[in-house]
Amino acid sequence: MRIATLGIYHEANTYSPIAADLELFNEGGVYRDGEIIDKFASSHATIGGFIQASSELGFELVPLLFGRVNPVGPITRDAFEQLSTEMVDRLAADGPWDGILLALHGAAVAEHVPDADGELARMVRATVGPDVPVGAVLDMHANVSQQLIDALTITLVYQTNPHVDAAERAVDCARLLVRAIREEVRPVQALRQLPLVVNIARQTTDEEPMAGLVATAAAIKNRPGMLSASVVEGFPYADVSHMGMSCISIHDGDPRAAAAAADELADEIWSCRGELQGEGHDVRAALDLARNADAGPVVLLDVGDNVGGGAPGDSTVILAVAQQVGVRSLLQTLWDPEAVAECVDAGEGAEVALEVGARHPHSAGQPVRVEAVVRRLADGRFEEPRPTHGGFRFFDMGPTAVLDTSDGHTLVVMSKQTANTSLQQYRSLGIDVRDYRVVVAKGCNAPRAAYAPVAQKLVTVDTPGIAAMNLGAFEYLHRRRPMYPFEDQVVYRNR
């Protein structure tokens, strides 16, 4: 049994001016053939799960091409067309195939294709024909289109946020695909797109209402004849028509049963629409909570500068206020290649005076002046063997400098955007987050898997930026209307 695996993995924030071009893809990672096995076999990412399943189930997994880039703006036309064309050309040349496993994010947007995931899946389906089973695993933040569902035989979605179940869902998908190839099951899918956005501060599946919704999906999945049921949170920072929450159900052979299950799950989601909205603390209140806590670290989740949501990761909003009010013992990262270059020129142990952060027009805050000692210079590479957000294992911050400032802050200044999803990011530099009163994490949900076990408290901070909590501040030209909570009077009927 020969099964190909391939995919483009990108979450596009359409408000980011940083385009996902070929240079960024090559920097983030474009892997071919055996490189895919080398990179992901030991990971907990989606492809790592596909590789694990191939061993457990005894099929031949043929890796073709996988491209990944850090969440930024839309994929350029050149990048999408070059990568997608190479993928389908390889599919056509290296077949025939018994099945296909796609590693997609589900919230990809290209400059010329709003539904990039759906278009890639359509191209794959057109290449292999109508009879070859095609399975895909999506991120829980996918904006799922009907085009995507129509091109796929099996669509599974992460059901944890932080996303620690990527490999597990991938194994599930591969098992279903193998059963479909053997004609043991006949998957029938149903998609329900709700006119609803869930606020990022209410998306963790460890808390209500998402915990209950995921439990409902799991109960539906376990009914006789059901193959899968998934809650999909959606990604609100993509201004596309299919943006928003959705749910997917898969039944073994009965379209009406699949539709009824999807309707039931959609009704449950819709009943929670008010609870799916949330608020965070302002910066000063969050810093006061940290300063007055009995012990640290208190982790401040910098929502507006969420690297995993397409923000640059160089906001100085919290840092500037901490400097102004005298909060000490603070640790955070900043994406700032220019500051790193100054530190490299100065050398380890040098005293420097420089501006850090807020280097881009879409950055939140202004560059902050610091006086510091360059504690350490490093290449920025680190490895996370445990299943943290997304399950990826190998990371590269690029040349990196650790600064101890006269304000009592420790700043890790990076040359490449890197999300705060692993404590190994700091441990690789000889830093223990437990030594600090305040730790700023650039994200909302993604950092929780790593930081919750060591944090005395997690505080969601309503900061500005292109991943801000207040979705009313964003101009949407393409979203559906009416849509809750943008419009108050929204009626949803799925029958």
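Let's start with a label: UniProt, in an unreviewed entry, places the feature "domain: Microcystin LR degradation protein MlrC C-terminal" at residues 300-476; such annotations may be inferred rather than shown by experiment. The model you're looking at is predicted, so local features need pLDDT of at least 70 and side-chain atom pairs count only at pLDDT 80 or more, while totals for chains, interfaces and linings use all residues. Residues are numbered from 1 along each chain as its sequence is written, and side-chain values use heavy atoms, with hydrogens and water left out.

Over residues 300-476, the chain is 15% helix and 30% strand. Here helices (H or I, at least four residues) and strands (E, at least two) are DSSP runs, numbered from the N terminus.

Now zoom out. The chain has 14 helices and 19 strands. Its radius of gyration is 22 Å, close to the 23 Å that the globule rule gives for 495 residues, so the chain is as compact as a globular protein of that length. (That radius is taken over C-alpha atoms, and the rule is 2.2 Å times the number of residues to the power 0.38.) Of the 495 residues, 61% count as buried, meaning under 20% relative accessible area with a 1.4 Å probe, protein chains only.

What about contacts, meaning heavy atoms within 4.5 Å? Among those between residues at least 6 apart in sequence, 75% join residues at least 24 apart.

Notes
Buried means under 20% relative accessible area, exposed over 50%, partly exposed in between (1.4 Å probe, protein chains only). Contact means heavy atoms within 4.5 Å.
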